[in-house]
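Trainee: Could you take me through the core of this one, and how the helices around it pack? I'd like a close look at that single part.

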Amino acid sequence: MTENTPSSNTRPPKQSRTGLKANGTRKAASKSNRSRAREFALQALYQHIVGRNDAAAIDSFTRDLAGFHKADAAHYNAVLHGCINTAEDLDALITPLLDRKLGEISPIERASMWIGVYEFQHCMDVPWRVVLNECIELAKEFGGTDGHKYVNAVLNGLAPRLRAAEVASDKSAEKAPGKPAADSAAAPEAEGQ
């Protein structure tokens, strides 16, 4: 045999079809319309935070991006404009939980936290654990190496305050004997949110 003959040992191993990429983030095909909306909102909020671009210009640009038609446009619109219009209020809630100045937070982490806080306050149809998970996923996919841990800590700190009854209900359900943990119960809901 010649050296140019490919062998089965040179092929990369097959990837599992779990809906996750190697870095643990979801593949595009397994994302819900709302998850896609959050991704586009994150990208638009990044433009707002970094470039201080006009909200209407950012919105117009983002809606022209490839794949936007697969996103929940109403949710995207609510999150983007809601976060921009209430940015000072969102920052006021986030800042006390930070271990550094707000200006030192990555724009991706800040935008992920804005989305989480906004949804905690205004998207009551989305369970708090789904909001938390979605924002962690955004930070994992678009942010720095451990940025998702920071987003998790801040949003977990705000959830009992912003969704008090829902968080308390989940915590008491976790402690009840013979009941499944709330984490496993929230997993199927995440895909539809």
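Mentor: Let's start with the term we need: a nonpolar core is a set of buried Ala, Val, Leu, Ile, Met, Phe, Trp, Tyr and Cys residues joined through side-chain atoms within 4.5 Å. Buried here means under 20% relative accessible area, while exposed means over 50% and partly exposed is in between, with a 1.4 Å probe and protein chains only. Keep in mind that this is a predicted model, where local features need pLDDT of at least 70, side-chain atom pairs count only at pLDDT 80 or more, and totals for chains, interfaces and linings use all residues. Residues are numbered from 1 along each chain as its sequence is written, and side-chain values use heavy atoms, with hydrogens and water left out.

Now the core itself. The largest one has 49 residues, and those with the most contacts inside it are Leu45, Tyr76, Cys83, Ile94, Trp114, Ile115 and Val117. The elements giving it two or more residues are helix 1 (33–51), helix 2 (55–63), helix 3 (73–85), helix 4 (87–94), helix 5 (107–122), helix 6 (128–142) and helix 7 (147–162). Helices (H or I, at least four residues) and strands (E, at least two) are DSSP runs, numbered from the N terminus. The chain as a whole comes to 9 helices and 0 strands, and buried residues make up 42% of its 193 residues.

Zoom in on Ile115. Leaving aside neighbours within four places in sequence, Ile115 is in contact (heavy atoms within 4.5 Å) with Arg38, Ala41, Leu42, Leu45, Val79, Cys83, Cys135 and Leu138. Across the chain, residues 24 or more positions apart account for 69% of the contacts with a separation of 6 or more.

Next, the packing. The axes of helix 1 and helix 3 come within 8 Å and cross at roughly 30 degrees; axes are lines fitted to C-alpha atoms, for helices over the stretch in contact, and angles run from 0 to 180 degrees between N-to-C directions. That makes helix 1 roughly parallel to helix 3, as angles under 35 degrees count as roughly parallel, over 145 as roughly antiparallel, 65 to 115 as roughly perpendicular and the rest as oblique. On the helix 1 side, the contact includes Ala41, Leu45 and His48, and on the helix 3 side Tyr76, Val79 and Cys83 are among the residues involved. By type, the residues of this contact divide into 10 nonpolar, 2 polar and 2 charged.

Helix 6 and helix 7 pack at about 160 degrees, with their axes 8 Å apart, so helix 6 is roughly antiparallel to helix 7. Helix 6 brings residues including Trp128, Leu132 and Cys135 to the contact, and helix 7 brings Val151, Leu155 and Ala159 among others.

Thr62 sits in helix 2 and is buried, with a relative accessible area of 0%. Beyond its neighbours within four places in sequence, Thr62 is in contact with Phe40, Ala44, Gln47, Phe68 and Tyr76. Leu98 lies in the loop between helix 4 and helix 5, and Leu98 is buried too, at a relative accessible area of 13%. With neighbours within four places again set aside, Leu98 is in contact with Ile105, Tyr150 and Val154. Leu98 and Tyr150 are 52 residues apart in sequence, yet 8.8 Å apart in space, C-alpha to C-alpha.

Technical notes
Ala, Val, Leu, Ile, Met, Phe, Trp, Tyr, Cys and Pro count as nonpolar, Asp, Glu, Lys and Arg as charged, and the others, Gly among them, as polar.
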